[in-house]
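Work through the exercises below with the sequence and the structure in view. Try each task before reading its solution.

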Amino acid sequence: MPILDELEVQGGLLNRKSLRSGLKNWDHSQQLGEHPLARLQIVEFRRQKAGYGETPMGYGIALRETLQDAINELGPDEGEPEYLNKRWRPFLILSEQYLQGRSPDYICEQLGIARSTYNHEQAQAFERLIDILRQREFIQTSEGVATEKAGRERARGMRAPFLAPPRPHYTLVGRESLLQELKEQFTKADGLNVAAIYGLPGVGKTTLAIELANDPQMIDHFEDGVLWVGLGRHPDIMALLSFWGAALGLPMDEIAKWLLLEERARAIHSAIGMGRMLLVIDDVWEASEGMAFKIGGPNCAYLMTTRLPKIAIDFAGEGARAVQELDVRDGLRLLSRFTPEVVDGAPEEARKLVEEVGGLPLALVLMGKYLQKETHVGQVQRLRRAMDRLEDKEARMQLTQTLSPLDQQPSLPAMTPLSLHTVIAISDESLDGDSRRALRALSVFPPKPNTFSESAALYVSQVPVETLDHLVDCGLLESRLPNRLTLHQTIAEYARMEHDDENPGKRFVVFYVHQVEEHRLDFDVLDPDARNIVTALSNAESLGMKVELVSCANNLFSFVESKGLFELVEGHLEKAAQAARELKDEVGLLTTLIHLGNVSHHCGNYEQAEKHYQEGMDLSQRLGDESKLGEIFKGLGVVAFSRGRYQEAEGWYRQGLSLARSIRGTTLEGALLTNLGVLLNSLGKVVEAENHFREALRSARALGDRETVSRLLMNLGAMAGRRWEYSQAEAYFQESLELARGAGRQDTMSFILTNLGALANDQAQYKLAENYFQEGLSLAREVNDRARVSHLLANLGALANARREYPQAYVYLEEGLALARKIGHRENICLLLTNLAVLLKDRGDLQRSEAHFQEALSLAQEMGHRRFTAAVFNNWGELHLVAERWDEANRVFQKALKVAEEIHLPEIVAAALNGLARLAAARGDMDDARRKGEESLRAFQKIKHRRADEVKAWLEKL
């Protein structure tokens, strides 16, 4: 079978259409063997190596194995595939549809994504698959192309100059697309003949240029040779031009006569003539110096490398391209070229190394070679010591690599070992004094991917804006979005090593403390600087800035609450409390204690939350601060409610409400009425609860308290939903969601999405329900609201069980139960136990199901949660029916019916009557079965419940 040449592979065959048509024939070896993809060199190599016949069947099997290997590489290579892990999506999308024959809709459900997302990610997966196959095809054909080129040169009896350094011994990683773009640009008839690549020190610009210059396709295209020159900081232009002239065959004595730059340039231009050559100008620092080597003929192409974006644009215009750092996946691939045992054996530590150096290739190569040397003897302890050393930022900066003369960095003295420190120092030495001081001052900001505003940079560095512009032009400071800047991790580490002035750090704290004070409730302003603000808290602690620490920690709390950053700031609040004590700032301490109580509650540390609130209560009573005392009563009530101690919670809420009503004009009254309404609703006092919600809503609207209005609308929507007033419930929820979204309250948005999902589920809109639940779960995880996460997992588990997706349901419910137990959230524990019991009952595991029902019932009764009690009794009755324990079934259905009627739960009333009807039928009492069945049907029809049709059909068959 004829083999494709590389241009055919790169130009047309390896595309989404050809791969899709090939994969559709996955189970038909004969048709695969007749597909054009079977002509790939990598397929031929596999066929020969495996010993398959030179037949369509043999090629088909070889093609299938080739595609399987490439698809496997799409996965993160970390254990078994995980449907909810985004990193597994490319692998799962292709393998499930084409290799396993699953439908796209089924795969979307398993991945929890919309069809539009699926189509977009499938296209990306195909592009990655194409890149993998192209790279493998390139590696397979490189040797043959190079050999063919050498044969042609021998036949011509000539030798083309080739001045590019040799390739490194490790394979280029993460640059496949950029390399391909450059190759296409230089080899197409209508392509630009000039390009410039720029980027950070150590990002791999020169390595990419070397790979391009050594590429067989490029060597074949530029048949008259490759000229290479490395300029560096202080190049000798005349000497370097002489070197090019000698390589082109010009006599050295003639070259020496040309004393003017123009003369030597013209002579070299003339020597190149109409030749087709690639001219590489490496490490350019001045535009004029780079232009001195732009002296080829009309058939030449130019590639320049530089650290400075402006020079790249000056030289190549639209042909200028930035070389970015590697992402984590490619960074791990590069690291594994040297120490695969480290990447495979300690994946999390390896990932951390990649992240800490920001994916900078030079840093990864230096670390990889260091680990390679330290682990060659296989001693575990030596590897451990080596990994520990790499955690030290200064140690990473000083790792060195000895270079050959051909690899020497042009800006370094001859035979100087290469290190991160020396490479960055070259750029540092090019700066003027103000720019150098500014760079060191800016190192107090957290590094990339964090960003900071231009105004923050100016305040901290105390330099004019032109100095910042100069740092950007030098490639050391990066511009991100309008007026946002960032420092790469290695640049920041270098600058911090050279920095010993406390003043920028203090200015950093002052700037962000002032920003938080001024924009305490303006979350859109604070959000981009969240990491900077948290760092300012840490710096305030280390610099002894106690007043600033207390102010920032307390003023930041509303933002922290909206974003769920509780665990992140808990330690800072504790330090703020200590600082307030040392400052004898009782007002600041009281506020901090309230916030600490809130944080501990959200993190599930209920006992610690009570301790903070109790200390705050004593302090507020001594200070006579009734407003703060009311907040503390509210906090104590919330903690008691979360622990299922409803009577205690009601007492705290009513004390707080009494205080709030005496103060007037605060949002506290509305918040307490809301919480009290939620509690009363849980106790089955529905009418009283709704009255509280409506009273609170009037108060909150009057005060313009949008946050409380949002929560109240959500609760009113839930109550409307329980009355099966679906349109009204939807209207409440959507208005609530809009308010929460406008206020940036992700925690509240997650709660509302939970209710919207439950509403959709009640209307049998299962896909919509799942989408709401998944969106809510994503937000809850983002803000680290563990109680909300466990609740959403309970809902997702119940939904999956209803759809008979039992393994997935079990995963959701087990994760949710473990989390609810960990934080001690008894309501969620009860809900999850009930849902797990239903799942186990449906799967036939009646013994474990009954144990879960028993634990759920005990917990619900202990809490006094009558709605949960009724639900557990009703579901337990279904288990007794399955087990044919008629007396037990009758007993628990009757209990469910009694509680549900007492607290007006029409759905459970109807369900319990339906259970009693089926029980009567099982006992042979058809008259009683029909009577109770018809009563159940009327109850379901009254609330327009979806089970009405099910009961009606059952009665017709009776």
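The exercises below concern a predicted model and treat backbone angles and a pocket.

**Exercise 1.** Find which residues the cis peptide bond joins, and say where Pro449 lies.

*Solution.* Step one: the bond joins Lys448 and Pro449, and its omega is about 10 degrees. Step two: Pro449 belongs to the loop between helix H24 (433–442) and strand E8 (452–453).

**Exercise 2.** Decide whether Lys584 is buried or exposed.

*Solution.* Step one: Lys584 sits in the loop between helix H33 (566–583) and helix H34 (586–602). Its phi is near 55 degrees, which is positive, and Lys584 is a residue other than glycine. Step two: the relative accessible area of Lys584 is 72%. Exposed means over 50%, so Lys584 is exposed.

**Exercise 3.** Describe the second largest pocket by its space and its lining.

*Solution.* Step one: the second largest pocket holds about 1,100 Å³ of space. Step two: 49 residues line it, and the closest to its centre are Thr206, Thr207, Ile210, Asp407 and Gln408. Step three: elements that each supply at least two lining residues include helix H10 (205–214) and strand E2 (226–230). Step four: the lining has 28 nonpolar, 12 polar and nine charged residues.

Key:
Residues are numbered from 1 along each chain as its sequence is written. This is a predicted model: local features need pLDDT of at least 70, side-chain atom pairs count only at pLDDT 80 or more; totals for chains, interfaces and linings use all residues. Side-chain values use heavy atoms; hydrogens and water are left out. Helices (H or I, at least four residues) and strands (E, at least two) are DSSP runs, numbered from the N terminus. Buried means under 20% relative accessible area, exposed over 50%, partly exposed in between (1.4 Å probe, protein chains only). On a 1 Å grid over the protein atoms alone, a cavity is a set of points where a 1.4 Å probe fits but cannot get out, and a pocket is an open set with protein on both sides within 12 Å along at least five of seven lines; lining residues have an atom within 4 Å of a point. Grid points are joined across faces, edges and corners, and a volume is the space filled by probe spheres set on the points. Ala, Val, Leu, Ile, Met, Phe, Trp, Tyr, Cys and Pro count as nonpolar, Asp, Glu, Lys and Arg as charged, and the others, Gly among them, as polar.
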